[in-house]
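Hello,

My notes on one of its interfaces follow below.

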Amino acid sequence: MDRNQLNKWLKTPAKMGHKYSLHAVYFCTGCGIIEVPPSITARWDAERFGVLPVATPRQANLFLITGYVSVKTLRAIIRTYEQMPEPKFTVGFGSCPINGGMYWDSYNTIKHLDKYIPVDGWIAGCMPRPEAIFVAVTHLWTLIDKDMADGYKRYRKNYQAYRENQERALGKLEWPPLFSIGGKG
Amino acid sequence: MQIIAMILSPILALIIGIFFLGLSRKMMARIHWRYGPPWTQPIIDIIRLFSQKSVTHGHLFNLGLILSLAGSIVVILFIPVGRIHPLSDSGGMLVILYMLLLAPLGLALSGGEAANPNTSIGISRQLILALGYEVPLLLILLALMTHYETISIVEIVFRQQYAGWALLSSPLVLSGIGYISIMPAILGIRPFEVVQAPQEISSGPMVEYGGPYLALATIQHALNLFIGIALFVNLFLGGAGNPLFFFIKMLVVFVLGIFINAALPRLRIEQAVQYLWRWPTLLALVGLIVVIVMKSVSAG
Amino acid sequence: MSLELLLAAAFGGSLLTYLLGKISSGLRDGFAVFVSVILVAMIAGLYGKIGAVTSYYHFMGLELTLRISPLSWFFAMAVSTLGALSVIFSLSYMRDRERTDFYYLMMLLINASMLGIVFSGDLVSFFIFWEMMSWSTFLLISYNRGSALAAGMKYIVFSIIGSMAMLIGMLSLYAVYQTVNIYMLSNLVSSASPGYLLFLLIVFGTAFAIKNAIMPLHTWLPDAYAEAPSPFTAVLSGMLTRMGVYGFLMIMYVIIGSVQTLNMGYGLLKFNYILAWLGAVTIVIPTFIAMLQNDAKKLLAWHGIGQGGYMVLGIAYGTNLGLAGGIFHTLNHAIYIVLLFMSVAAVQYRTGGERDLNSMGGLIKKMPIAFIGALFGISGLIGLPLTNGFVSKWLIYKTLILNGSPFLAFTALIGTWGTILSVYKFLHNLFLGQLPEKYKDIKKSPVNMQIPIVILSLTILLFGILPGLPLKVINSIIASFGFKSLNVTLWGIVSETGSLNTINLFAAILTGCVIIWLILKTGPKSVSASQENTYAAGASIPEGKYHYTVDFYNPFYRMIKPYLKDFMDIFYFKLAGWTQTLCNIVRKTYTGYVGHYVTYIVLFLAVLIFMQLKWSLW
Ligand code: SF4
C-alpha cells in the first residue's frame, strides 16, 4: 500500500471501503449469468478485487443485471434494488439491458433498464467475457473515486419518474413507494 | 490492573479473530489455487458496512444482536489468554458454558423479529446443531472437570502447566480427540456450515442484516472463532504463559481447521447431528468413564 | 400475629368472597384482591418468628397444631405472593366467564389450604389441608368442562392414590408412636429401624412424587395444566405442584432427618441416589417431549415436569449446595413458570383462547408487555446468566460435578440445552415472525394483566443479580436441617472451589451492551422496515402465510420422534383398559337368574368343604 493509498484511506474511508469491498447480489436474470461463476471461481478469481457474491441484497452494494430483463424479472429486480442499503451501484451486463439486444422486438422484455432503475455503468457485448467484468469493476472504482457512481442519489431525486415508469411497465405495484412521492424524499 | 486486562482481552480477541477471518479467506483461496483477497479484506468489509445505511425491524432486532455480541465479549473476559483472565474467578467453567448460550440466542431473538422464514430456518438449524455438539462437548468438559476436580478454567490451565497437556495425558486423550472431532461444528465451519448456508437459505440468520448490523455480526463471528479455539487451547493444550505463545498455539489449531474446512463439503443438518451423536459422543463417553474409573482406582 | 388468625383470614376470606359475589361482581373482585394482598402482608410480618407453635383444636385425643419454621415461612411467602398476583391477573381474564364466584372461591381456598399445609405442625392437619387442596384443584381443573373433565379425572385418580399412600404412612406412624406431631415424630423416628424408615420414605415419597410429577408418575400433569383456566394453571404449576417438594423436604429432612435419609441403602442403591436419578430422568425426557408440542400450554407443562426434576435432583443429592439449589430452584421455577403462563394467558385473552403455536406469530408489536414477560420467563427457564434460574442451577451443577457425579451433571446440563430448543420455538411462534392478518387489530393486554407480568419479570432479574436476598433465607432453612450453611454474599456465593459473583457479570454484560449500542448509534441511522419488507428472493410477500412455524425442528423431529412417545401414559391407559376388561368378564357372571346364583353359592360351599377336608385349614 503506497502512501497515496494510505492518505485516501484516512481521508475517505467509506469511499475506499466501498471500492475494495464490492459485494454483488447473486441474482441471475438472463443468459449472461453463465459468465459469473467462472469469474468468481478459481479461473478468474474475482475475490482478489474484493468482489464477492452474497446471498441477500441487504448485505450487498453491487447489483449486476446479467442479461435480458423480462417483465416478470423486472418486478423482482426493482424489489431487490430497493432492498439494498445505500450507497449501492448497478451495472448492466450485456447488450440486452442496454437496448434490448437481440430481444429488441420481444413482447416480453423491457428494452432500457435505466428507465426503471438507475444504472451506473454498462458492459456491452453478447455476452461479455469475465475479463470485461473486471474492466467494469475498475471503471466503477474510478467512478466511485470521482463521486460519479451516484445512481442511488438519482433514484432518490427522480423517484417519482422512476415509479411512474415502473408502474407503466408492470401495472400497479404491490409494495408502497420507497420514498415519499412528490416531496423531496 | 484488572481494568486494563478487561479492556485488553476483548481487543486482543477482536484483533486475533479478525486476523483469523482474513487469514482463512486468503488460505482458502490459495488452497483453491486462487490469488485471493488481501488478508485485510475483513477490515475493509467492516469499514464499508459501517458506512452503509441499513434497515431495522424493531427494537428486538437491535437488542438481540447487541446482547449476543456482549455475551461473546463477556465470555472472552472469562477465558484466560496467556495469563490475562480478568473475570474468571466469578463463576468458572459453568458460567462460560452458559454465557456461550447468549451468542446464538441473541442472534435468534434478533433474527426472529426480522420476520423472514430464511432466518427462522437458519435459527432452527443453529439450535439443533448446538444441541448436537453440546452433547459430546458437555461430556468432554465434565471429564475435564472431574479429572481436575475444579470448575475453574484457570485452575485447569494451571494444573496442565505442571502436569503436561491434557491432550497428551493418559485419561484425557479420548476426550481431547473427541473435542477435535467436534471443533468444526463449534466454529461453524464446513462440514457443519449448515446455519449460514448462503446457497440454500440466503445465509440464514444473517439474511436481514446489512450495514452496521452485518458489521457487528462479522465481528461476532470473529469473536466466536476466537472463543472456540481459545477454549480448546486452554482446556487441552495447556494454555500459555503469555499471549504470544497462546496466539501461536491458536494459529496452529486454526490452520488445521481451515484445511478441514477447505476439503469437505457441507453436511445436511440431520447428517451433522447423526455424526455428532455417534462417534464424538462415543469417544467422549468412553473418555468420561475412563476418567471416573481411573479416579476411583487411584482413590481406592 | 398468630397463625390461626392468618388461616382464619385465608379461609374466611375465600367464603366471604363467594358470598359477596352474589351481591356484586365488582365488590367480589375488590375483596378477593384485598384478601390475597393482606395475606402477603401478614406472612411478611411473620418473618423471623420461628418456632411459634399454636395448638388450635383437639380431635379424637389428637392435638392439632400449627407452627412456623424457616421452611414454612419461605413456602408461605411464595404461595401467598404468587397467589395474589394470580388473583390480580384473573380479574380481567375471568370477567365475562360463567361461574366466576365459584372460581374465586376455589382459587382463594386453594391458596388458603396451601398455607395450611406449610404451617401445619402435625400430620393430621397436613393431610386435611392436603386433601382440601387436591379436591379444590380437581374442581378448578375441570372448570372448563369438556376435555377438562377427563384431565381432572386423571388428576384426581392419581391424587387419591397418593393420598392413600400417605394415609398408610400416617396411620403406621400413629400406631407405632402414638403421636402425629411432626416435631415429636422427628425425635422419635431417628431411632427406628432402617427398614421402617425406608417404608416411610416410600409411602410418603409416592404421594409427593405424584404431586411433584416425577417420572413415571407424571402423566396427570400435561393435560391438567393445559385444560385448567390459565391464571389457575399459573398457581397450579407455580406452587401447588411444588407442595410435593415441600413434602419431600418435610419427610426426608424434618421427620426422618438428614443423617438417616442420606445413609439409607448401600453403595449405588442408596435411597437418595435413586431418587436423584429419578429426578435426572424427569429432567431429560420431558424436556425433549416438550419440543414436540404444538400447544403453548402443553409445552410449558412438560417443562414444568422437567424443572421439577431439577428440584428433586438437588434435594435428593443431599449436599448443602444441592439442597440450597433445589429449594432456590423451587422458588425460581415458581416465578418464571407463573410468568410464562400469564403471558400465554394474556395472549389467549386477546386472541380468543388460541393456544396453537402454529397459528400465531408477530405478536411482539402488538403485545409488548406479554412478550417481555415471555422473554424473561424463558430466560429464567433456560437459566441464562443474570436470571434467577441460573443461580440455582449453578449451585446444583457445582455440587454434582465436585462431588463426583458427572453423569447426573450431564443429564442436568443436557436438559438445559433441550430446553432452549423448545422455549425458543415457543417464543418465536407466538411473538416473533410475521403477524397474521387476522390479528392485525389486536389490542394490548389490560393493565391488571400487565402489573403481575412486570413485577415477576423484575423479580427474575432481581434474584438473578442479587441472589443473596433469597439465599439468606434458604441458608437458614438448610441450617435448620443440620447442614453446613453456605457463605452467601448479596451477589453470589464465596467458596474455595469456585465462587459466583453475579454483580461482576451484570456489570460486564451491561458495559458490553452499552458500548456496542454506542457503536451501533455512531453508524448511519437505520431505516425501520415493515414486516412486508423482507427479502424473499425479490418476490413480494404473501400475506399471512409467511411464517415458518409448523414443524419448527423438523429434521430433528424425524430423528427423535420414534423414541419420544409418552410410554408411561400409554401404559396407564392400557392398565385402565385391562382392568375394565377384567371387570367386564367378572360382570358376565351376574346373569340375573336366581338359579345361577344358587349354583354359585353351592359351588362356593363345595369348594370350602373340599378345602377343609383336604388341608383342614380352619
Ligand atoms: S446480451 Fe446476449 S448473452 Fe446477454 S442476455 Fe442478451 S442475448 Fe443473452
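Chain C gives 69 residues to its contact with chain B, and chain B gives 71, where contact means heavy atoms within 4.5 Å. The model is predicted: local features need pLDDT of at least 70 and side-chain atom pairs pLDDT 80 or more, while totals for chains, interfaces and linings use all residues. Residues are numbered from 1 along each chain as its sequence is written, chains are lettered from A and ligands numbered from 1 in the order written, and side-chain values use heavy atoms, without hydrogens and water.

About 6100 Å² is buried between chain C and chain B, 81% of it on carbon and sulfur atoms; buried area is the accessible area (1.4 Å probe) that two parts lose on being put together, summed over both. On the chain C side, the most area is lost by Trp417(C), Ile516(C) and Leu520(C), together 12% of what that side buries.

The two chains share one salt bridge (a side-chain nitrogen of Lys or Arg within 4 Å of a carboxyl oxygen of Asp or Glu). Its partners are Glu113(B) and Lys365(C), at 3.3 Å, N to O.

Strand S1 (residues 55–56) of chain B and S6(C) run parallel and are joined by two bridges. DSSP must find at least two bridges for strands to pair, and strands are DSSP runs (E, at least two residues), numbered from the N terminus. Within S6(C), Ser528(C) is the bridge partner of Thr56(B).

Regards

Conventions:
Helix = DSSP H or I, 4+ residues; strand = E, 2+ residues; numbered from the N terminus.
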